[in-house]
Amino acid sequence: MKVFRSRAGGVATATAPKRGSRFIGVDVGGTKILGLVTDGLGAATEDRELQPTPKVPSELAPGIVEVVRTLAERNPGVVGIGVGVPGLVDHAGVLHYGPNVQGVLGLDIAGRLDEVFGLPAVAENDGYLAALTEHRLGAARGHDHAVIVTQGTGIGGGLIVGGQVLRGANGFAGEPGHMLVNRFGHRCACGRTGCWESVSSGAGLANLARDVVEEGKGGEILAAAGGDPDRIRGEHVSAAFVAGDPDAVEILSRFSWWIAQGIGSLIALLDPSIVVLGGGLSAISDEFIDGVSSQVTDAVVGGRYRPVVPIVPADFGAESGAVGAALRARDFVING
Ligand SMILES: [Zn+2]
């Protein structure tokens, strides 16, 4: 059976890069490409570049190259490049598919960067890189078994197993957003129905709000979306929640229940010592994570007979993927 294997490492010798070496970390988001320069060891950022993500699939690779070029020209000490993309990225740095980068198939991102810049380059799933950042520098530090869930428009994630971010046979491991939780649920960005993401991400929050509107409630949220249910976004719900709208409270309560179900399943599967929640949604309110935590005990097998797994907010925000990309770039230069 075919398995996507790693390309050879960036350099022949497994030695640490010279003092003063710098690494470019790039995070490709749905709307923006963020690039930054670090020492590949910590999170201190020495330079950054932000550009819009091209809308046309064939422009994605040139868009990434442009961000890297801008940073490389300003930072002559750069010796390696890491890129995070939201999708299935194999061990060789080829993006095979991403529900949020529709139309980009089989794109050899690492190969393209290597070719253009003549520097070791590596590409990874963005959730993998966010998990690497939290494990090495953030909220999951010191935990050999951890689950990192990042809630944005969709759900990203990474699984720390035995002290390493789990990669899987092809490099595709750690996509908790596409676990099926409800056969009769909502349509997911991946085209399937009932993925966890469709009820537990920003898009999922909007789906749950539409359910409530269909039940004849949620008037304030509907008004904020201009009266069109299809235009309801997660932000409309969180704004109504902050304003004390009881229908928004109801929606958030369903939302946290679904999140707890998914986390309970992940705990049953992986037995982590911590769960880290990242992304904008965990910032909705201080009580939000507490609300999720209180429901997880009932959502995991034997919940009353096992240690309580702390659920904590991520230490890193929007830059966790790009910081992780630079960490990974340094690792790649040393070990491949
Ligand atoms: Zn899905």
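This is a predicted model: local features need pLDDT of at least 70, side-chain atom pairs count only at pLDDT 80 or more; totals for chains, interfaces and linings use all residues.
A residue counts as buried when its relative accessible area is under 20%.

**Stop 1: Val-101**

Select Val-101, in the loop that joins strand E6 (94-97) to strand E7 (107-108). Its relative accessible area is 9%, so Val-101 is buried. Display the surrounding side chains next: beyond the neighbours within four places in sequence, Val-101 is in contact with Pro-86 and Leu-95. Then draw a C-alpha to C-alpha distance from Val-101 to Thr-53; the two are 48 residues apart in sequence and 9.8 Å apart in space.

**Stop 2: Lys-55**

Move to Lys-55, in the loop between strand E3 (47-52) and helix H1 (60-74). Is Lys-55 buried or exposed? Its relative accessibility is 75%, so Lys-55 counts as exposed.

**Stop 3: helices H3 and H10**

Two packed helices are described by the angle between their axes and the distance between the axes. Select helix H3 (residues 126-137) together with helix H10 (residues 320-335); their axes come within 7 Å and cross at roughly 80 degrees. An angle from 65 to 115 degrees counts as roughly perpendicular, and H3 is therefore roughly perpendicular to H10.

Now show the side chains where the helices meet. On H3 the contributors include Tyr-128, Leu-129, Leu-132 and Arg-136, and on H10 they include Val-323, Ala-325, Leu-327, Arg-328 and Asp-331. By class, this contact has eight nonpolar, four polar and three charged residues.

Centre the view on Thr-133, which lies in helix H3. The relative accessible area of Thr-133 is 0%, so this residue is buried. Which residues does Thr-133 touch, leaving out those up to four places away in sequence? They are Gly-138, Phe-316, Ser-320, Val-323, Gly-324 and Leu-327.

**Stop 4: the zinc ion**

Select the zinc ion and its protein donors: His-178 through ND1, and Cys-188, Cys-190 and Cys-195 through SG. These donors lie 2.1 to 2.3 Å from the ion. The angles among the four donor atoms are 106 to 117 degrees, and the site is tetrahedral. Along the sequence, the donor residues follow the spacing H-x9-C-x1-C-x4-C. Both His-178 and Cys-190 lie in the loop between strand E11 (164-165) and helix H4 (197-200), so the pair ties together parts that are 12 residues apart in sequence.

**Stop 5: helix H7 and what covers it**

Select helix H7 (residues 234-242) and colour its buried residues: Gly-234, His-236, Val-237, Ser-238 and Ala-240. What covers these buried residues? The cover includes helix H5 (202-214), helix H6 (219-224) and helix H8. Just after H7, pick Gly-244, which takes a positive phi of about 85 degrees.

**Stop 6: Asp-271**

Finish at Asp-271, in the loop between helix H8 (246-270) and strand E12 (274-278). Asp-271 is not a glycine, yet its phi is positive, at about 50 degrees. With a relative accessible area of 53%, Asp-271 is exposed.

Technical notes. Residues are numbered from 1 along each chain as its sequence is written. Side-chain values use heavy atoms; hydrogens and water are left out. Helices (H or I, at least four residues) and strands (E, at least two) are DSSP runs, numbered from the N terminus. Buried means under 20% relative accessible area, exposed over 50%, partly exposed in between (1.4 Å probe, protein chains only). Contact means heavy atoms within 4.5 Å. Axes are lines fitted to C-alpha atoms, for helices over the stretch in contact, and angles run from 0 to 180 degrees between N-to-C directions. Angles under 35 degrees count as roughly parallel, over 145 as roughly antiparallel, 65 to 115 as roughly perpendicular and the rest as oblique. Ala, Val, Leu, Ile, Met, Phe, Trp, Tyr, Cys and Pro count as nonpolar, Asp, Glu, Lys and Arg as charged, and the others, Gly among them, as polar. Donors are N, O and S atoms within 2.8 Å of the metal (3.2 Å for Na, K and Ca); water is not among the atoms, so sites may look incomplete. Four donors count as tetrahedral if all angles lie between 85 and 135 degrees; four count as square planar and six as octahedral if opposite donors are over 155 degrees apart and all others between 65 and 115; anything else is irregular.
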